[in-house]
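Q: I have a structure to look at and would like to learn how its features are read. Could you take me through them one at a time?

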Amino acid sequence: MPSFARLVDTLLDRTVAPGYTRIGPAVRRHLATWPDDPEPDALVGRRALVTGASSGLGAATVEGLAALGAEVVLVVRDTDKGARVVREVQGRLPLARLDVQRCDLADLDDVRRFATSSTDHVDVLVHNAGAMPPTRTESPQGHEMTMALHVLSPVLMTELMGERLRDGRVVLVTSGGMYTQRLRDDDPEFLTGEYSGTTAYARSKRAQIELLPILQRRWQPLGVDVHATHPGWADTPGVAESLPTFRKITGPLLRDAAGGAETTVWISATEPPPEGGRLWHDRQPRPTQLLRRTRTGDVERDRMWAWVSEQLGL
């Protein structure tokens, strides 16, 4: 039976559409390979930070962590939107302990300010903030926006938190779109060729995944495990704004935001801790490469890390 369950799970994953839509978890929950839910009080006494928590997957992650007892800090650029999420979540979870703190995740100076402004311990750090600009846009430091938000900012924030994260878990919310792109260590800022927002987004998510083993080794001495989760295809404000045609075609099958955030919440709370340095989807580790043309070697991966380290002054 477990071998049959693994076969079904793998088929759902490799055929993409069934596994990435709401069909995926609907089937997988009935397979022998589906892990147990976290205990209802799994995160009582724990403190979690969620970036990009003002809508969509971020807001759903906040609610999922709070439902398991965590104190959750919403790290957002727009505090009014963050406060609205707090009101909505507390309307459903009156005892939820939530706080809103401002940080512009695209601005590395603001990330430095935020990451060094507190001495409170952090047990879970979810890097969810993201964007898919239609035209090439630069951050305040002059970095291409998707690389600033999805790679530079998460690495910098985690590095600066240091001891505050000891024995904690870090989760990078990535995207299945990264499977379509190879690592562009030769052009991390998308300076050559015709710019495409969807391509830039997928490239930056590819970079996240390729850096996982390096980040795991780097942060493991503090007992910090780093994970990546991809949500499948979820109906979020970001998808509606950036991919309206895709949403129109797939709309009836899209997961809701809670379904997209489910594995992020599970990774954050389940015991014993899952193995770090891996990509997860629907509570199972997934391959980081599916296409021959996107395969990455150690040389390319090391060059990308050297670029990231140089930009951040590590």
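Q: How are α8 and α12 oriented to each other, roughly parallel or roughly perpendicular?

A: Two packed helices are described by the angle between their axes and by the distance between the axes. In this predicted model, where local features need pLDDT of at least 70, side-chain atom pairs count only at pLDDT 80 or more, and totals for chains, interfaces and linings use all residues, the axes of α8 and α12 cross at roughly 75 degrees and come within 10 Å. The two helices are therefore roughly perpendicular (65 to 115 degrees; under 35 is roughly parallel, over 145 roughly antiparallel, the rest oblique). Residues are numbered from 1 along each chain as its sequence is written, and side-chain values use heavy atoms, with hydrogens and water left out.

Q: Which residues make the contact of α8 with α12?

A: Contact means heavy atoms within 4.5 Å. On the α8 side the residues are A207, E210, L211, P213, I214, L215 and R218, and on the α12 side R301, D302, M304, W305 and V308. They divide into 8 nonpolar, no polar and 4 charged, where Asp, Glu, Lys and Arg count as charged, Ala, Val, Leu, Ile, Met, Phe, Trp, Tyr, Cys and Pro as nonpolar, and the others, Gly among them, as polar.

Q: At what angle do α7 and α8 pack?

A: Helix α7 (residues 145-161) and helix α8 (residues 197-219) pack at about 20 degrees, with their axes 8 Å apart, and are therefore roughly parallel to each other.

Q: Which residues of the largest nonpolar core touch the most other members?

A: A nonpolar core is a set of buried Ala, Val, Leu, Ile, Met, Phe, Trp, Tyr and Cys residues joined through side-chain atoms within 4.5 Å, and buried means under 20% relative accessible area, exposed over 50%, and partly exposed in between (1.4 Å probe, protein chains only). Here the largest such core has 45 residues, of which M161 and V308 touch the most other members. Helix α7 gives the most to this core, with 9 residues.

Q: Where do the backbone angles of this model deserve a look?

A: Most residues other than glycine have a negative phi, and most peptide bonds are trans. In this model, D167 has a positive phi near 65 degrees and lies in the loop between α7 and β5, while R283 has a positive phi of about 65 degrees and lies in the loop between β7 and β8. D167 counts as exposed, at 60% relative accessibility, whereas R283 is buried, at 3%. The peptide bond from E271 to P272 is cis, with omega near -5 degrees.

Methods
Axes are lines fitted to C-alpha atoms, for helices over the stretch in contact, and angles run from 0 to 180 degrees between N-to-C directions. Helices (H or I, at least four residues) and strands (E, at least two) are DSSP runs, numbered from the N terminus.
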